[in-house]
Amino acid sequence: MDKIPILKIGHFLMVAIQVDLYDRLALSLESDLVQAVSKTGAKGVLIDISSVSIVDSFMGRILGNIAGMSKVLDAETVIVGMQPAVAITLVELGLPLKGVQTALNVEKGMELLQKKIQFTEEEEIDDDSTLQ
Amino acid sequence: MIVLSSDSMPIMKELDMVVFRNRLKEFAVKIGMSLVNQTKLITAASELSRNMLRYAGGGNVLIEIVNAQRQNGLRLTFSDTGPGIPDIDKAMKDGFSTGKSLGLGLPGAKRLVSDFDIKSTVGKGTTITIIKWKNG
Ligand SMILES: Nc1ncnc2c1ncn2[C@@H]1O[C@H](COP(=O)(O)OP(=O)(O)OP(=O)(O)O)[C@@H](O)[C@H]1O
Ligand SMILES: [Mg+2]
């Protein structure tokens, strides 16, 4: 079976989906990615879907699951590069990409992740100081 | 309505969905369908073919290039001989699912196409026909 490579870049994991996913491949990406987050302690996950021409309810749910499970493991997820036609279709389909952040491209997505991580680190420092 | 050309294929396993989506894309490109409409149609078709696999153990899909009022479009007919849908009105509502899912497939597919027709008989099967016009 095909596999989608997961890259580790600093504190982040990055995946570029280059093929139209069939359901089983999407499911294996979901479990591989969540396992990788847990194993590496990554703080962020970036999923590049710029080559994906169809996101249906199944694929949408997988993206939501990845974001939800990563959140439990203390990692933020950003989906980047969604094609405009896909975005329009998702709205009409009625699929709420709950808990899924989006950014225009990989660069913007990285910036967003970086900001979010700094923010949570600051919050943690604040928490510590109130304890003292 | 005039049928200009057609093709039919079985959807019996997950990989058939991939083949079908690619074939559909070829038809859509052939009639010069806009990219947004292509995306909407293929997404709707993906929902309906998955339903057929999941709830009816598979079925058949007919792809037709149709013409009416000087407009070209694609008509898809999904037919299965599965268990049928007891309450179509209910199944067409957002959020109704017997598969512990989101219940978006049928109502979502309807929103994405120009024309949506569903016929289902319990114990006999389900036939869903959709049309998407080239620019509509
Ligand atoms: N071809 C079919 N044969 C029998 N029952 C069907 C068929 N298609 C749909 N249904 C029934 O209609 C219900 C609604 O379908 P719909 O696609 O809207 O939602 P879903 O498949 O349950 O969830 P989702 O598509 O969001 O994953 C299904 O749960 C199922 O009970
Ligand atoms: Mg469905």
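Which side chain meets that of B:Arg21 in a salt bridge? The partner is A:Asp56, at 3.7 Å from N to O; a salt bridge here is a side-chain nitrogen of Lys or Arg within 4 Å of a carboxyl oxygen of Asp or Glu. B:Arg21 lies in helix 1 of chain B and A:Asp56 in the loop between strand 3 and helix 2 of chain A, so the pair joins two chains.

This is a predicted model, in which local features need pLDDT of at least 70 and side-chain atom pairs count only at pLDDT 80 or more, while totals for chains, interfaces and linings use all residues. Residues are numbered from 1 along each chain as its sequence is written, chains are lettered from A in the order in which they are written, and side-chain values use heavy atoms, without hydrogens and water.

**Where the chains meet**

- In chain B, 21 residues are in contact with 20 residues of chain A, contact being heavy atoms within 4.5 Å.
- The two chains bury about 1900 Å² between them, 56% of it on carbon and sulfur atoms; buried area is the accessible area (1.4 Å probe) that two parts lose on being put together, summed over both.
- Helix 1 (14–30), helix 2 (35–56) and helix 4 (105–112) of chain B each supply at least two residues of the side that touches chain A; helices (H or I, at least four residues) and strands (E, at least two) are DSSP runs, numbered from the N terminus.
- Helix 2 of chain B gives the largest share of that side, ten residues.
- By class, the side of chain B that touches chain A has nine nonpolar, five polar and seven charged residues; Ala, Val, Leu, Ile, Met, Phe, Trp, Tyr, Cys and Pro count as nonpolar, Asp, Glu, Lys and Arg as charged, and the others, Gly among them, as polar.

**The sheet of chain A**

- Chain A has an open sheet of five strands in the order 1-2-3-4-5, with mixed pairing; two strands pair if DSSP finds at least two bridges between them.
- Strand 1 (6–9) and strand 5 (101–103) of chain A are at the edges with a single partner strand each, so one side of each has no neighbour in the sheet.
- Strand 1 and strand 2 (residues 12–16) of chain A pair in the antiparallel sense over four bridges, and A:Phe12 in strand 2 is the bridge partner of A:Ile9.
- Helix 1 (residues 23–40) of chain A lies across strand 1, strand 2 and strand 3 (44–48), at about 160° to strand 2; axes are lines fitted to C-alpha atoms, for helices over the stretch in contact, and angles run from 0 to 180 degrees between N-to-C directions.

**The sheet of chain B**

- Chain B also has an open sheet of five strands, here in the order 1-2-3-5-4 with antiparallel pairing.
- Strand 1 (2–11) and strand 4 (115–121) of chain B are its edges, each with a single partner strand, so one side of each is left without a neighbour in the sheet.
- Strand 2 (residues 59–68) and strand 3 (residues 71–80) of chain B pair over nine bridges; B:Leu62 has B:Thr77 in strand 3 as its bridge partner.
- Helix 1 of chain B lies across strand 1, strand 2 and strand 3 of chain B, running at about 165° to strand 1.
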